[in-house]
Amino acid sequence: MAPPQFTYDFSNSKAGFKGKSDFSLGLFIDNKWVDAVDGGRLDIVNPTSGKHLATIAGANEKDIDIAVAAAQKAYDTAWGLKASGTQRARLMLKLADLMEQNADELAALESLNNGKSVTIARNVDVNDSINCIRYYAGFADKIHGKTIETNDAKFTYTRLEPIGVVGQIVPWNFPLLMLAWKWGPALATGNSIVFKPSEWTPLTAIRMAELVAEAGFPPGVVNVVTGLGNSAGAAISGHMGIGKVAFTGSTLVGRHVMKAAAGSNLKKVTLELGGKSPTLIMDDSNLDEAVKWAAFGIVFNHGQTCCAGSRVFVHESAYDKFLEKFTEVLKNVKVGDPFEPETFQGPQVSQVQFDRIMNHISIGKNEGATCHLGGERHGTEGFFIQPTIFTDVKPSMTIIKEEIFGPVVAVAKFKDDDDIIAMANDTMYGLAAAVFTKDINKAITTANRIHSGTVWINEYNTLKHQVPFGGYKQSGMGRELGDAALENYLEVKSVHVNLSSPPPF
């Protein structure tokens, strides 16, 4: 059976891309488009309309076996230690160039499939993805060990070697950007990849697979397999032929990935998981700027951000003024068609996600919090939700404790520095936080006391590919981005060379 095909005409849309997208929706294995072995199919939905968008191939463990075999063959014959860093860099840079040439189409596909503003998709997601691939291409020929002095009778050195075949599983909130975060360090270090995008948002990953082949990567270096998490994802996590798995998603699923990795071959694991990030508004902050950054922190990407600033704590002396200004900013957020240039907040990604968010809103109301703004769906079709503010919240409430992953924020007061540190750290997560103050000493001291992997000072949601990103506590393990991400894909080999020591007996 031939795999399904995707055809979509963007000529009448308001996207920068005015052409037609036409590509296979099969599995990309060994640089070929193939159907799922058992003919599995999965439907994807347009979140703006709630209607059917396309049907993709649905992989299971049989397809993962085939992809792993292709990846291992590539690693053994044409990649890994068989390809120099210069060769790897050249191919990665070619891929980035092709992404740039097709940037408008990638943005249009991302917006269509995920629902995010096409303007943001083009200027943030696509641009940052291109720059991320180029950044890691620069590392490809600079990965090396070191010599270590021990004594004159011995020569000792280390080698940094790729792991081999790695599995990567990414979520639906930043489909292309998460791909770049994972592919960049894996390819630079010489690993071959079995990659599973979210079954809800696979279009940009599939289109990227075409660009991989066009760039000239050897067959099997990158394999893109679409499928459900409990079949294809589970098969990757527990596969004996995969030496490392990288997962971005919920903490709940991260536990399953880690368990499968431990129960199979004790493969290396990196996890970038959930968050319930605090935003701290001190009494001396520039309130006008703090309000705008805090709003950006919760409605960027429709609140579907692992580091979303969903808990805002405001010094009691500034609380009333902050809430007034914050409310006005969120009231004016443009919610609507992601292909409209002025839209900032599009729909949630799916009916499932829409229902989860609305359920949390209902729980917040039932537990006694005040729904100060929003709290309802926006419009009559698609998965749109109004920006929502809760006040009168207590530490025990569900909306303060659980990740909502939508445009829903809880605002609370605090009295002093010790009070706010305790409130900020009162969570099982530790992914990100922000501090707003004009006092740099207070800012740094507060940042040092917060238990999170990233702390922004007087800004929010400004990730850079040069800077490590990851979480404390149940927000994950390991780091994405920066040179720290390279360590996730390397083995360290120590070599001891005896120069003059006699045998012990």
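In which helix is R207 found? R207 belongs to helix α6, which spans residues 203–215; helices are DSSP runs of H or I of at least four residues and strands are runs of E of at least two, both numbered from the N terminus. The structure is a predicted model, in which local features need pLDDT of at least 70 and side-chain atom pairs count only at pLDDT 80 or more, whereas totals for chains, interfaces and linings use all residues. Residues are numbered from 1 along each chain as its sequence is written, and side-chain values use heavy atoms, with hydrogens and water left out.

R207 has a relative accessibility of 10% and therefore counts as buried (under 20% relative accessible area, with exposed over 50% and partly exposed in between; 1.4 Å probe, protein chains only). Its side chain makes a polar contact of 2.9 Å with the side chain of E210. Such a contact is a pair of N or O atoms within 3.5 Å; within protein, one must be able to donate a hydrogen and the other to accept it, and residues adjacent in sequence count only if both atoms are side-chain atoms. When neighbours within four places in sequence are left aside, R207 is in contact (heavy atoms within 4.5 Å) with F23, N102, E105, L106 and L109.

G26 lies in the loop between β2 (20–24) and β3 (27–29). With a relative accessible area of 1%, G26 is likewise buried. The C-alpha atoms of G26 and P3 are 4.8 Å apart, although 23 residues separate the two in sequence. Not counting residues up to four places away in sequence, G26 touches P3, P4, W33, V34 and A57.

In helix α7 (residues 229–237), the buried residues are A232, G233, A235, I236 and S237. These residues pack against helices α1 (61–77) and α8 (251–263), and against strands β9 (165–169), β10 (192–196) and β12 (244–248).

Over the whole protein, the secondary structure comprises 14 helices and 24 strands. Of the 505 residues, 57% count as buried. Among contacts with a separation of 6 or more, 73% join residues 24 or more positions apart. Along the principal axes, the C-alpha atoms fill a box of roughly 75 × 60 × 40 Å.
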